[in-house]
Amino acid sequence: MTGFKTLDDFNPAGKRVLLRVDLNVPMDNGRVTDTTRIVRVLPTITELSDKGGKVVLLAHFGRPKGKVVPAMTLAPVAETVSKLLGKPVAFGEDCIGEKAAAAVSAMNDGDVLLLENTRFHEGEEKNDPDFARALAEIGDIYVNDAFSAAHRAHASTEGLAHLIPAYAGRAMQAELVALEKGLGNPARPVIAIVGGAKVSTKIDLLEHLIEKVDAVVIGGGMANTFLFAQGYNIGNSLCEKALADTAQRIMTKAEGKNCAIILPVDAVVAWHFEANAPHRTYGVDAIPEDGMILDAGQQSFERIRSAIEDAATLVWNGPLGAFEMKPFDESTMNTARFAATLTRAGNLVSVAGGGDTVAALNQAGIADDFTYVSTAGGAFLEWMEGKELPGVAALSKT
Ligand code: AMP
């Protein structure tokens with residue numbers, strides 16, 4: 001990323017601003033059940049509207065696959081945005097063509113309009129130049145505030161940015177600044193925590209991190225594959241034995257890069273995969289044949305704790321155990337609280353993201369204490385993997 005323009009760099013007064021937002025919110029019976037994504041983009045909408053722009057919201061909802069699917073209309077979302085914004089939000093029944101043009105031309109300066117689901121058109125996901133041009137026809141300026149959709153090169157997230165002047169919205173700006181602090185240009189030493197169920201979904205992530213960071217804590221179910229690769233008996237634990245060679249290769253490569261790999265030294269073992277199942281802690285060299293590792297043990301946590309204490313920056317994706325079930329949440333909760341304490345004291349920059357990680361930090365009650373918590377699932381992971389996000393690249397100044 002070489003830099004990007006923001007709302008500070010243009011005057012939206014009297015202009016038709018096409019603002020790409022993420023309104024792919026959870027709905028139940030036509031009602032929005034979680035407004036987090038809407039709340040995130042309110043500052044950008046308000047700022048553009050207060051400055052006299054005509055704010056035209058573009059968004060996708062669900063996977064209608066290029067067809068009009070009435071159940072996936074954004075109409076009910078317009079009402080929720082209006083309530084949260086505290087001003088009317090008009091709704092346009094199409095995002096291109098005559099209906100869109102008519103809805104936009106009816107706007108006064110400062111008005112807000114939400115257009116129908118961009119994915120009702122095939123051209124959206126195909127990043128079809130004709131569809132992008134049709135979008136560009138109804139706007140003067142493009143603002144992207146949907147980081148969570150930035151890993152996809154779609155017409156409204158990427159193509160459009162090349163057709164009219166393009167800027168990052170405030171939520172996108174905050175996300176990019178935080179991510180830059182996490183891995184782009186971080187204070188060193190940097191420690192990464194990678195947890196979760198499977199190695200198979202995190203190979204690219206590990207490969208990239210060992211190039212970039214000073215230490216990687218490997219936790220959760222995926223640590224079992226690494227322990228297995230080192231010759232430990234991991235009993236009945238979740239393990240991708242076919243990936244033992246991959247795990248070994250990653251450990252060897254990390255050594256060559258001077259990146260420490262921190263694996264569990266003890267583990268909380270149960271015999272049933274359920275909350276409050278009877279459990280005991282064992283060293284990793286003594287895991288019972290019929291037992292399942294469900295969390296890292298206390299000694300492992302102490303090692304993680306001192307590794308975080310030595311770091312200036314922490315990036316985190318994936319829980320250290322089966323945190324949805326008590327008491328197997330303990331190492332994840334303890335790690336979250338410890339990182340939050342160091343962050344509050346100004347001794348750590350902490351950036352975390354991914355669905356389960358956000359849930360775990362919320363469970364620990366400390367999400368607000370982290371420097372930044374990204375709710376963007378796929379885009380956050382691709383960023384952590386070092387991949388270029390097309391929606392961000394299209395905003396970058398060269
Ligand atoms: P992921 O989607 O790969 O980030 O994995 C998150 C899931 O991994 C969570 O639902 C955790 O409960 C699960 N998990 C973490 N540690 C373990 C473990 N030791 N055994 C089984 N599942 C685990």
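1. A cavity is here a set of points on a 1 Å grid over the protein atoms alone where a 1.4 Å probe fits but cannot get out; grid points are joined across faces, edges and corners, and a volume is the space filled by probe spheres set on the points. By this rule there is one cavity of 30 Å³ or more.

2. The model is predicted: local features need pLDDT of at least 70 and side-chain atom pairs count only at pLDDT 80 or more, whereas totals for chains, interfaces and linings use all residues. Residues are numbered from 1 along each chain as its sequence is written, and side-chain values use heavy atoms, with hydrogens and water left out.

3. The largest cavity has a volume of about 60 Å³. Its lining (residues with an atom within 4 Å of a point) includes V217, I218, R303 and I304. Helix α10 (298-310) and strand β10 (215-218) each give two or more residues to this lining, and α10 gives the most, with three. Helices (H or I, at least four residues) and strands (E, at least two) are DSSP runs, numbered from the N terminus.

4. Six strands form an open sheet with parallel pairing, in the order β5-β6-β4-β1-β7-β8; pairing requires at least two DSSP bridges between two strands. The edge strands, β5 (90-92) and β8 (166-168), each pair on one side only. Within the sheet, β1 (residues 16-20) runs parallel to β4 (residues 54-58) and is joined to β4 by five bridges, with L18 opposite V56.

Technical notes:
1 Å grid on protein atoms, 1.4 Å probe; cavity = no way out; pocket = protein on both sides within 12 Å on 5 of 7 lines; lining within 4 Å.
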